[in-house]
Amino acid sequence: MMINEIPTSQRAIAITFDDGPNPVYTPQVLEIFSEAKGKATFFMIGEQMRNHPEIVKQVAAEGHEIGNHTFTHPKLSQLSKAECLTEIEQTEKLIEELAGQKPVIFRPPYLDYNQETVTLLQNKEYPMIGALNLEAQDWEQPGVEHIFEKSREAVKNGSILIFHDGYGDRSQTIEAVRMLVSELTLQGYKLVTVSELLARA
Ligand SMILES: [Zn+2]
């Protein structure tokens, strides 16, 4: 149900960033990907987008993908169906308004969901996107080395990797991603959006 990787014979992976946009860290991520000539995917929170619309526009203008990550970042399994729908659709509208494109992928906050969430997302034709490097736990700030090592262990054709560019101090994440992107580029990996990876499958 949760898509953590997209099997492909091509040397391509999708790196994703949750909980932004953030005025300090999102531009640093954009810089890293611009230098590497790669694309990233940002699962943005509606509330944050409302606070930083200019960053949303910049992310979209530079060709990265913006996915739906709800409006207020709740645990969806604890909400009613109507509340879930509001969370998803408010965010959808805002992404469309700011990025000029409707989001086509979804990641539930805390990767938390129940059968009702699954049905709802299926009805809305949203694939639910997870990741292979959950052990990296960049949100816990476990150290640059830890984030880097656990993430590179999860690298193969079609991997989806999760990081965070929002909430709290993300400087460890930025350093680890800088190292990872540099290594992946040397190894010939193409850094693509989740939708691009889905299309290559
Ligand atoms: Zn999140």
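Where is E92 found? I started my notebook with that residue, and E92 turned out to sit in helix 4, residues 81-99.

**Ground rules**

I am working with a predicted model, in which local features need pLDDT of at least 70, side-chain atom pairs count only at pLDDT 80 or more, and totals for chains, interfaces and linings use all residues. Residues are numbered from 1 along each chain as its sequence is written, and side-chain values use heavy atoms, with hydrogens and water left out.

**Entry: E92**

I looked up how covered E92 is. Its relative accessibility is 9%, so E92 counts as buried. In my notes buried means under 20% relative accessible area, exposed means over 50%, and partly exposed is in between, with a 1.4 Å probe and protein chains only. Next I listed the contacts of E92, where a contact means heavy atoms within 4.5 Å. Leaving out residues up to four places away in sequence, E92 touches N68, K102, P103, K124 and Y126.

**Entry: the whole chain**

I stepped back and found 8 helices and 7 strands. These are DSSP runs numbered from the N terminus: helices are H or I with at least four residues, strands are E with at least two.

Why does a radius of gyration of 16 Å agree with a compact globule? For 201 residues such a globule would have a value near 17 Å, so the chain's 16 Å agrees. The radius is taken over C-alpha atoms, and the globule rule is 2.2 Å times the number of residues to the power 0.38. Along its principal axes, the C-alpha trace spans about 45 × 35 × 30 Å.

I noted that 51% of the 201 residues count as buried. Among contacts between residues at least 6 apart in sequence, 77% join residues at least 24 apart. The chain exposes about 9,000 Å², and carbon and sulfur atoms supply 47% of that area; the areas come from the Shrake-Rupley method with a 1.4 Å probe.

**Entry: aromatic rings**

How many aromatic pairs does the structure hold? I wrote down 4 aromatic pairs. In F17 and F42 the ring centres are 5.5 Å apart and the planes stand at 25°, so this pair is stacked. The pair links distant parts of the chain, since F17 is in strand 2 (residues 12-18) and F42 is in strand 3 (residues 41-44), 25 residues apart. For the record, rings of Phe, Tyr and Trp (its six-membered ring) pair if their centres lie within 6.5 Å; planes under 30 degrees apart count as stacked, over 60 as edge-to-face and the rest as tilted. Both F17 and F42 are buried. I also saw that F17, F33, F42 and F163 form one aromatic cluster.

I stayed in strand 2 to look at A14. Its relative accessible area is 0%, so A14 is buried. Beyond residues up to four places away in sequence, A14 touches S159, I160, L161, V192, T193, V194 and L197.

I then followed T193, which lies in the loop between strand 7 (190-191) and helix 8 (194-200). T193 is buried too, with a relative accessible area of 7%.

**Entry: backbone details**

Which residues does a cis peptide bond join? I found G20 and P21, with omega at about 0°. P21 has its place in the loop between strand 2 and helix 1 (25-36).

Y110 has a phi near 60°, a positive value in a residue other than glycine. I located Y110 in the loop between helix 4 and helix 5 (115-123), and at 52% relative accessibility Y110 counts as exposed. Y167 has a positive phi as well, near 65°. Its loop runs between strand 6 (160-164) and helix 7 (171-186), and at 43% relative accessibility Y167 counts as partly exposed.

**Entry: P109**

Is P109 buried or exposed? At 0% relative accessibility, P109 counts as buried. I placed P109 in the loop between helix 4 and helix 5. Leaving aside neighbours within four places in sequence, P109 is in contact with H69, T70, H73, P74 and L76.
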